[in-house]
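Colleague: I would like to learn how to read the features of a model like this one. Please take me through it step by step.

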Amino acid sequence: MSDKKQFAIVMLIASFFVAWIVYSNMSIIFINNTVMEDTELGAYPYPFRILRKEGNIAIMGSLRSTGIPASTALKILFPELKDTPDNDKVMQYAQKKMARLQAKAKEIVLKNSDFDSVNWELDENWFRLHDIKP
């Protein structure tokens with residue numbers, strides 16, 4: 001086989017690989033945009049979004065985990081809560097709202113895509129950007 005034919009075959013395979021990556025990422029971008037088009041989710045200061053996909057599972061970012069209290073993130077998202085104790089009714093309401101919106105984002109992702117399920121993963125990059133070590 002000539003060098004030109006080998007080069008053409010390698011380039012063809014590479015182009016299919018690039019197209020697959022672009023298509024995969026475009027579908028995630030489309031779904032994330034659909035989530036953000038929701039009035040309530042779009043207005044929330046944290047963008048609930050798909051971080052990546054693993055097969056038919058959407059891995060979505062979350063600010064809730066067992067390792068970091070939700071109040072830590074809420075005090076960053078809403079500076080007016082900075083001095084609010086975790087057991088205060090206002091903080092509890094904010095935590096319930098965050099959980100409800102997270103569930104709403106999941107519902108939109110599952111309704112508008114080929115994903116079978118959603119797994120939540122702590123959005124460590126978000127915390128690092130806000131100088132919190134997850």
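**Reading the pocket, the sheet and a helix pair**

Modeller: The lining of the largest pocket divides into 4 nonpolar, 5 polar and 2 charged residues. Here Ala, Val, Leu, Ile, Met, Phe, Trp, Tyr, Cys and Pro count as nonpolar, Asp, Glu, Lys and Arg as charged, and the others, Gly among them, as polar. This is a predicted model, where local features need pLDDT of at least 70, side-chain atom pairs count only at pLDDT 80 or more, and totals for chains, interfaces and linings use all residues. Residues are numbered from 1 along each chain as its sequence is written, and side-chain values use heavy atoms, with hydrogens and water left out.

Colleague: What is a pocket, and which residues lie nearest the centre of the largest pocket?

Modeller: On a 1 Å grid over the protein atoms alone, a pocket is an open set of points where a 1.4 Å probe fits, with protein on both sides within 12 Å along at least five of seven lines; lining residues have an atom within 4 Å of a point. In this model, Ser 27, Ile 31, Lys 53, Ser 113 and Asp 114 lie nearest the centre. Helix H1 (residues 3-37) gives the most to the lining, with 4 residues. Helices (H or I, at least four residues) and strands (E, at least two) are DSSP runs, numbered from the N terminus.

Colleague: How do I read the sheet, and what is the order of its strands?

Modeller: Strands of a sheet pair through backbone hydrogen bonds, either parallel or antiparallel. Pairing needs at least two DSSP bridges between two strands. This open sheet of 3 strands runs E1-E2-E3, with mixed pairing. Strand E1 (50-54) and strand E3 (117-122) are the edges, each pairing on one side only.

Colleague: In which sense do E1 and E2 pair?

Modeller: Antiparallel, over 4 bridges. Glu 54 stands opposite Ile 57 in E2, and Ile 50 stands opposite Met 60. In their hairpin, Gly 55 takes a positive phi near 65°.

Colleague: At what angle do H3 and H4 pack?

Modeller: Axes are lines fitted to C-alpha atoms, for helices over the stretch in contact, and angles run from 0 to 180 degrees between N-to-C directions. Helix H3 (residues 70-77) and helix H4 (residues 89-111) pack at about 95°, with axes 10 Å apart. That makes H3 roughly perpendicular (65 to 115 degrees) to H4.

How values were computed: Parallel < 35°, antiparallel > 145°, perpendicular 65-115°, else oblique.
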